[in-house]
Number of protein chains: 2
Amino acid sequence: MHALSTFIDGLSGLSARGWELLQPALSELAYKKNDYLLKTGQVCDALFFISRGYCRAFYDKDGQEINTDFFFENEIATSINSFGQGVPSVFSIQACENLSVVRFDKRRLFEAAAQSTEIETLGRKCLQRIAAKQEKHAAMFKIMNATERYAYMTAHFPEILQRVSLTQLSSYLGLARETLSRIRAKR
Amino acid sequence: MHALSTFIDGLSGLSARGWELLQPALSELAYKKNDYLLKTGQVCDALFFISRGYCRAFYDKDGQEINTDFFFENEIATSINSFGQGVPSVFSIQACENLSVVRFDKRRLFEAAAQSTEIETLGRKCLQRIAAKQEKHAAMFKIMNATERYAYMTAHFPEILQRVSLTQLSSYLGLARETLSRIRAKR
DNA sequence: GTTATTTTGTGACATTCGTCACAGCCGGAT
DNA sequence: ATCCGGCTGTGACGAATGTCACAAAATAAC
């Protein structure tokens, strides 16, 4: 739980009472590599705080898997659309390594938030961070070409480069594996 | 203000007291076509609820303007990164038509939220909607090619097609104006 | 240590897309 | 009516990217 409390302190913090109210919503879970945290078609009823390992969100386009996101330690993995609107998720979330997570149960989280403004604020800040990540990521595709996108990733998210295979990374950057390989070959 | 109250009711609603607390944060403003709501480099200290007209967010890539977003009636326009983190915005927001907006002042909004959980909840729901929009939009670039992106827009956001010129739309879809013109020519 | 399996690199070629140039069209201003 | 500016379409051509095929390298499994 230590990683989680550091994460929460970085957002807006919680009083002792806030923590107490939050407890019923939390559970520590372990996933094995390739296990699913969420499958396409399911309604996402939880947030997953990643404490160790990493996972990916991917979309199945007639048999071909396209990665739409990666979640590393101290990030929240979820489908915003599914979680927020209560609709089936259009993508899956799968562990890429053995994974330790803290699961936030949606129903219990909302109950806790209803009793404590602190927790409501925490949820807002968390969403703010997710929205900001998506805003930047969406802009990347409009502003940059393939070479620039790769350079941007190496400059701003070197961790992803180190831990994710190029095969997995290519679809996240919106290009073919071979193209990414050739971009890297040019210096 | 009627459009705003309908919008808020659609999120989570507000009691009479909530409305009263929110008032000091709100101001009705009019922008003329081509006026700026936010300029690159400024810190965004407000949310803009669009009640009439529409505006665009665009990034300046060495002289060339690239549209990253459009905001129509009953949407919230802002830079999440700048507003949330208090950092200078990397893009501008500009009126594409004469515009009527309700401005939410950041400082006063936070004061109101501190006094009322309702308003805090409203902020969270609003962010949730923005995050969901970005999540879908970012996925579009990874999952679809140019032709599919255009077809997706016509199917899901016909309003944008009707009101935004193809010249403006092309950069939003991540392609050259001429390419969009040719995609349309093929049936 | 050896064998599978996965990952990465590379060549050949087709397709898509961007860039430049120019023409036609439309609407607003005078 | 005329002019002007912005928007859209189109041709020509080169650059970028995708696809298919296969080999080399790295990693995992036994």
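Helix 6 and helix 9 of chain A are roughly perpendicular to each other in this predicted model. Helix 6 spans residues 146–156 and helix 9 spans residues 177–185. Their axes come within 10 Å and cross at roughly 70°. Angles from 65 to 115 degrees count as roughly perpendicular, which is why this pair is described in that way.

Let us turn to the residues at this crossing. Helix 6 of chain A contributes A146(A), T147(A) and Y150(A). They meet L180(A), I183(A) and R184(A) of helix 9 of chain A.

I now move to chain B and its sheet. Strands of a sheet pair through backbone hydrogen bonds, either parallel or antiparallel. In chain B, four strands form an open sheet in the order 2-7-4-5, and the pairing is antiparallel. Which strands stand at the edges? They are strand 2, residues 36–38, and strand 5, residues 64–71. Each has a single partner strand, so one side of each is left without a neighbour in the sheet. On average, neighbouring strands of this sheet are turned by 35° against each other, direction ignored.

Consider next the pairing of strand 2 of chain B with strand 7 of chain B, residues 92–95. These two strands pair in the antiparallel sense over two bridges. Here L38(B) stands opposite I93(B), a residue of strand 7 of chain B.

Helix 5 of chain A, residues 117–143, lies across strand 4, residues 55–61, and strand 5 of chain B. This helix runs at about 140° to strand 5 of chain B.

Technical notes:
Residues are numbered from 1 along each chain as its sequence is written. Chains are lettered from A and ligands numbered from 1 in the order in which they are written. This is a predicted model: local features need pLDDT of at least 70, side-chain atom pairs count only at pLDDT 80 or more; totals for chains, interfaces and linings use all residues. Side-chain values use heavy atoms; hydrogens and water are left out. Axes are lines fitted to C-alpha atoms, for helices over the stretch in contact, and angles run from 0 to 180 degrees between N-to-C directions. Angles under 35 degrees count as roughly parallel, over 145 as roughly antiparallel, 65 to 115 as roughly perpendicular and the rest as oblique. Contact means heavy atoms within 4.5 Å. Two strands pair if DSSP finds at least two bridges between them.
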